[in-house]
Amino acid sequence: MRKLLQSVCVVALAVVCAQAQNVEAVLNAMDRAAGNFRSTEADFIWDQYTRAVDDTDQQKGKIYFRRNGKEIQMAADIVKPEVKVVVYSDGQVKMYQPRIDQLTVYDAGKNKQEMESFMVLGFGGRGHDLLPSYDVTYIGAEMVDGVKTEKLQLVPKSAKVKNTFNKIVLWIDPARGISIQQQLFTPSGDYRLAKYSNIKINQKISDDVYKLKTTNKTKTLTPQG
């Protein structure tokens with residue numbers, strides 16, 4: 001019995017060590033990518049699953065990230081099912097809906113740091129910067145659209161963050177140090193699955209991408225809270 005227990009302990013220790021090595025390798029790849037990061041653009045498909053009604057809504061479009069000084073800026077051109085343009089810059093999220101000519105402005109306020117941390121998951125953020133905020137586990141390799149990825153599971157350490165997303169899975173392309181797929185789970189069982197393709201790294205992005213083309217009749221909303 002003692003030898004059996006010793007054997008089990010040795011196997012368990014080997015598994016833990018292998019997982020730790022795999023996590024370290026993926027985080028190092030992300031660190032290298034972050035050190036060289038200037039911009040990324042990609043096509044996306046976002047699947048939003050709502051457990052209460054067992055239904056999935058899908059959005060498609062193009063997304064852009066760039067480093068501007070110390071800030072990471074994001075812009076998304078959503079083309080389906082409804083045209084929307086979303087820009088994050090200077091601590092504000094601005095969403096313009098051309099069909100109804102409405103601009104909605106959200107001030108990140110005290111949530112700015114958390115919002116930006118979600119935004120740059122796998123796109124410009126250092127891998128080791130995840131460790132203070134998340135328990136990071138390696139959960140295996142998987143082929144995604146012909147790319148061999150390494151999967152990391154992130155569990156937030158903050159109770160406040162857990163109330164928003166209690167688990168996040170990243171599919172990291174270790175060759176480029178970026179995430180080509182992400183799944184964010186809520187405590188209620190809902191999730192958002194984001195898939196990225198046609199990814200272009202460190203190419204110049206026009207400033208126009210981050211400018212909303214509103215009209216002189218655009219209605220502006222500024223929700224509080």
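Which residues form one aromatic cluster? I looked this up in the model, which is predicted, and found that Tyr 49, Phe 185 and Tyr 191 form the cluster.

**Entry: charges over rings.** I noted that the charged end of Lys 167 sits over the ring of Phe 185, 4.6 Å from its centre. I recorded a further case in Arg 192, whose charged end sits over the ring of Trp 46 at 5.0 Å from the ring centre.

**Entry: aromatic pairs.** My search of the whole structure returned 5 aromatic pairs. I read Phe 65 and Phe 123 as stacked, because their ring centres are 5.0 Å apart and their planes stand at 10°. Phe 65 belongs to strand S2 and Phe 123 to the loop between helix H2 and strand S7, so this pair ties together parts 58 residues apart in sequence. Tyr 196 lies in strand S11, 73 residues from Phe 123. I list Phe 123 as buried at 1% relative accessibility, and Tyr 196 as buried at 7%.

**Entry: largest pocket.** I sorted the lining into 23 nonpolar, 11 polar and 7 charged residues. Strand S2 gives the most to this lining, with 5 residues.

**Entry: strands.** I found S5 (residues 92–97) and S6 (residues 102–107) paired in the antiparallel sense over 6 bridges. In the turn of this hairpin, Asp 101 has a positive phi of about 50°.

How values were computed. Residues are numbered from 1 along each chain as its sequence is written. This is a predicted model: local features need pLDDT of at least 70, side-chain atom pairs count only at pLDDT 80 or more; totals for chains, interfaces and linings use all residues. Side-chain values use heavy atoms; hydrogens and water are left out. Two strands pair if DSSP finds at least two bridges between them. Helices (H or I, at least four residues) and strands (E, at least two) are DSSP runs, numbered from the N terminus. Ala, Val, Leu, Ile, Met, Phe, Trp, Tyr, Cys and Pro count as nonpolar, Asp, Glu, Lys and Arg as charged, and the others, Gly among them, as polar. Rings of Phe, Tyr and Trp (its six-membered ring) pair if their centres lie within 6.5 Å; planes under 30 degrees apart count as stacked, over 60 as edge-to-face and the rest as tilted. Buried means under 20% relative accessible area, exposed over 50%, partly exposed in between (1.4 Å probe, protein chains only). A charge sits over a ring if NZ of Lys or CZ of Arg is within 6 Å of the ring centre and within 35 degrees of the ring normal.
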